[in-house]
Amino acid sequence: MSKSPKLPISQVLLEAHQSRIEPLIDRFAREQKIHSTLLFTGIDGVGKKSMVLHLLHALFCDESVFANNEESGNGKTGQAPCGKCKSCKRAAMDQWLDLYWFEPESNDEERLGTHKIEAFRELKTKLGMGATEEPFKVVVIADADRMTIPAANSILKMLEEPPRNWIFILTAADSSRLLPTILSRCLEIRMQPLAEKQIYEILKESKGLEFQAKRAEVAARAGMGSIRRAQLFQDEETWKLREQLLGLLSNPAQEWMKVVEGMSASQRSMILGFDLLESIFHDLMMNNVSGSHPWIHQDQKEFLKQWSEAKRLQPAQIESILSRIAENRRFATLTLNSKLLAQQTLIPLLESIL
Ligand SMILES: [Zn+2]
């Protein structure tokens with residue numbers, strides 16, 4: 001089953017979430033028991049799935065107190081996976097024997113997928129089976145807040161009578177979208193947004209030689225706690241769109257069509273466009289409120305300041321631009337006419353500055 005994160009997990013990420021995960025592994029080891037349904041929550045891109053993988057790695061390790069091996073454990077608690085045993089090596093090669101990992105499925109690449117009941121049917125037929133090599137069988141439902149109602153009900157039935165030695169792990173950015181009956185069975189592990197510095201280090205770690213410090217600084221701040229968001233901001237495509245949007249501010253007549261085309265090129269660029277616009281006007285707004293806030297677009301600070309002074313941009317205007325962006329953003333994933341949406345978002349912006 002497709003599983004997005006792979007080992008090894010970023011050391012910076014592990015350290016960032018250490019205070020959540022270690023006590024959990026510790027507690028399971030002490031009690032010699034694992035809660036049968038775990039729910040990892042936190043904003044999109046904070047590293048929930050990576051931490052689930054780390055938890056599994058640690059629990060499946062032959063040195064863990066749960067291993068079938070009689071010599072295992074030795075009273076150790078909360079330890080990291082050893083990295084040397086058979087289970088650890090298998091995990092490193094992404095060969096998990098007793099793991100079913102579900103990701104939302106999508107018919108259209110551009111759209112966020114959902115978990116459909118069909119995906120869980122096969123799982124049902126396996127319910128009676130015990131684990132083959134590991135101490136338990138684990139079912140991971142990533143982005144469980146995107147289950148259709150029939151899918152959620154079929155999972156609920158399994159959670160109500162969890163088979164012996166089966167563990168269910170759910171992740172969700174928005175736990176309010178889970179059925180209350182599912183939620184009430186879960187032990188929730190809340191993951192905090194990442195700090196700007198942590199995101200910067202993760203970007204640096206993952207980019208290697210292609211790393212561009214200036215770009216990463218902007219991206220880390222714009223990420224607002226999310227690695228995924230920061231990675232998006234770091235992309236070539238985003239950077240190009242940002243150039244266009246900044247160009248629109250200084251030369252609306254000439255750049256107008258380029259920006260509309262750029263934003264409406266795909267659903268992804270539309271969302272990026274909204275993110276960028278929001279972050280640019282957020283900077284301007286904060287500049288009005290307090291002169292010393294950390295700018296997301298630090299490298300464009302002087303340009304943006306001069307621009308807003310030259311246009312005599314008032315806080316009320318910025319506020320209305322921001323609320324228009326927020327209003328239109330809802331349609332970014334729904335709209336059929338993306339050019340129109342881009343225009344409707346940008347026109348009030350231009351009206352206020354021309
Ligand atoms: Zn191991």
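Predicted model: local features only at pLDDT ≥ 70, side-chain atom pairs only at ≥ 80, totals over all residues.
Biologist: Okay, helix α1 next. At which residue does α1 bend?
Modeller: Helices here are DSSP runs of H or I with at least four residues, strands are runs of E with at least two, and both are numbered from the N terminus. A bend is the angle between axes fitted to the seven residues ending at a residue and the seven starting there. For α1 (residues 11-31) that angle is about 70°, and the place is Q18.

Biologist: Which helices do the buried residues of α1 pack against?
Modeller: "Buried" means 20 or more other C-beta atoms within 10 Å of a residue's own (exposed is 12 or fewer, partly exposed is in between, and C-beta atoms are placed from the backbone). In α1, the buried ones include V12, L13, I21 and F28. Their packing partners are α2 (48-60) and α7 (196-207).

Biologist: On to the sheet. What is the order of its strands?
Modeller: Strands of a sheet pair through backbone hydrogen bonds, either parallel or antiparallel. Here two strands count as paired if DSSP finds at least two bridges between them. This open sheet has five strands with parallel pairing, in the order β2-β3-β4-β1-β5.

Biologist: Are the faces of β4 buried or exposed?
Modeller: β4 pairs with β1 over five bridges, where L39 has L170 as its partner. Five bridges also join β3 to β4, and there K137 is partnered with W166. As for the faces, W166, F168, L170 and A172 on one side and I167, I169 and T171 on the other are all buried.

Biologist: At what angle do α10 and α12 pack?
Modeller: Two packed helices are described by the angle between their axes and the distance between the axes. Axes are lines fitted to C-alpha atoms, for helices over the stretch in contact, and angles run from 0 to 180 degrees between N-to-C directions. For α10 (residues 236-250) and α12 (residues 267-289), the axes are 10 Å apart and the angle is about 55°.

Biologist: Which residues of α10 make the contact with α12?
Modeller: A contact needs C-beta atoms, placed from the backbone, within 7 Å of each other. On the α12 side, the contact uses S269, L272, G273, L276, L277 and I280. On the α10 side, it's E237, T238, L241, R242 and L245.

Biologist: Last one: why does T345 count as buried?
Modeller: T345 sits in helix α15 (residues 338-353). Leaving aside neighbours within four places in sequence, T345 is in contact with R324, I325 and N328. T345 counts as buried because the number of other C-beta atoms within 10 Å is 23.

Methods
Residues numbered from 1 in each chain as written. Contact = placed C-beta atoms within 7 Å.
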